[in-house]
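Good morning, and thank you for coming. Please have the sequence and the model in view as I speak.

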Amino acid sequence: MVFWRKKKNATEQEKQEQEDKVIHHPEEPEIEPPTEYEAELSEDQKHEIFEETEEEIIEELEETPVPEMTREIIEEDEELDVPEEKQGWFSRMTEGLSKSSNKITQGLTDLVTKKKLDQDLLDELEDLLITADLGPKTAAKIVEEFGKDRFGKDISEEEIRLALAESIANILTPVAKPQTFEKREDGKPFVTIVVGVNGVGKTTTIGKVAHDLQMTQKRPTMIAAADTFRAAAIEQLEVWAKRAGCPFVSKEIGSDAAAVAFEAYEKAKAEGTEVLFIDTAGRLHNKANLMAELEKIVRVLKKQDETLPHAVLLVLDATTGQNAFEQVRIFKEMMNVTGLIVTKLDGSAKGGVVVGLADEFGLPIHMIGVGEQIGDLRPFDAQDFANSLVGANS
């Protein structure tokens, strides 16, 4: 019999509502209220869930062959090529961050109405940085450092801009670490699990990185679709695999995600693949189930090699602003997150969230995305990002 479970008290209910707001991406459909019931499982279902062997898992899997590089795929791939280098990455990043940069630069223009730096100006500067999503803690730190040797002295808008760029770069430099997907000496694949809330751009990110590895760096790369609950995610990932010329491993909707990961790793080893990407689900509104699923993927992989996975990359959508902080905390509880990729920085004025994340968690930031083109996802450079964010010259 279906029934609603009442919250023990108002505090628990408020906490649940806040968590749902944080972890449910705005582009996702409304979440159905949870129901509880006594599930009746057949003997076959019990065997599949609790007792299925690795041999049985492998027998059920289907393999998608490497697509041939037909003229259609080649032409489609050419359309995705990186824009001409004459524009330059800094220019594209500056353009992508323009919404965030304009918010800060316009704020500085409105702020500097007098020559000397006083407490009122410092307070207003701190408020400006908070509205740019750097977060209260990080904003306070930057403003305190800025005011140390300048209080009571003449100050210009350009001096503030350059000082902010320097302070932000100092926070970002320790975490600006490219992910190299190093070639393994034992000949086995470098296994990367990609996690994140549904809608943040996991699938597109995997596709772009795999395209660079396979097509530009000529490194054999494979993609596995372990988000088995969303047909659209599997289909989109398969499209990217074809564009990149990568082998693609998937199963039917509702299959065991760990089974996909296991078969993909076995196939990658057999074929001499250097890099294996495993896409995962992001159903955080059912956190317990997702945690169990991710833990099972890791457990199955570790049976093959204790060092697996070699990387766990968390993809974050910059348009979620401060909610990105909570997403990092939640996924760190589930997995040993090794690094971050921040996407959609061109879609909002919340680029400052990158600075707050670096200051709060200290996790490596490997890449950022500032557009739809393949060339708009690049390794993270601290100084260039800081300059672009505050409108300083490179």
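In which loop does F181 lie? F181 is found in the loop between α9, residues 157-172, and β2, residues 190-195. Please bear in mind that this is a predicted model. The phi of F181 is near 50 degrees, which is a positive value in a residue other than glycine. The side chain belongs to a residue that counts as buried, because the relative accessible area of F181 is 3%, and buried means under 20%.

K218 has a positive phi of about 55 degrees, and K218 sits in the loop between α10, residues 202-216, and β3, residues 221-225. Is K218 buried or exposed? K218 counts as exposed, because its relative accessibility is 62% and the cut-off for exposed is over 50%.

The next loop concerns a peptide bond. L308 and P309 are joined by a cis peptide bond, with omega about -10 degrees. P309 belongs to the loop between α13, residues 287-304, and β6, residues 311-317.

I turn now to two helices. Helix α11 comprises 14 residues, 231-244. From its first C-alpha to its last, α11 reaches 20 Å, close to the 20 Å expected at 1.5 Å a residue. Its buried residues are A233, I234, L237, W240, A241, R243 and A244. After α11 comes G245, with a positive phi near 70 degrees.

Helix α12 covers residues 257-271, and its 15 residues should span 21 Å at 1.5 Å a residue. The end C-alpha atoms of α12 are 21 Å apart, which agrees. How many of the residues of α12 are buried? The count is 11 of the 15, so α12 is largely enclosed by the rest of the structure. The buried set includes the charged residues E263 and K267, and also F262 and Y265.

Finally, let us consider the surface. Which residues form a negative surface patch? The patch is made up of D120, D123, E124 and D127. D123 is placed in helix α7, residues 119-131. D123 counts as partly exposed, because its relative accessibility is 35%, and that class runs between the 20% and 50% limits.

That concludes my presentation, and I should be glad to take questions.

Conventions. Residues numbered from 1 in each chain as written. Predicted model: local features only at pLDDT ≥ 70, side-chain atom pairs only at ≥ 80, totals over all residues. Heavy atoms only, no water. Helix = DSSP H or I, 4+ residues; strand = E, 2+ residues; numbered from the N terminus. Expected span 1.5 Å × (residues − 1). Buried < 20%, exposed > 50% of the residue type's maximum accessible area, 1.4 Å probe, protein only. Patch = residues over 30% accessible without salt bridge, like charges linked within 9 Å, V, L, I, M, F, W, Y side chains within 5 Å. Areas by Shrake-Rupley, 256 points an atom, 1.4 Å probe, with all protein chains shown as cover. Salt bridge = Lys/Arg side-chain N within 4 Å of Asp/Glu carboxyl O. Charge placed at Lys NZ, Arg CZ, Asp CG, Glu CD.
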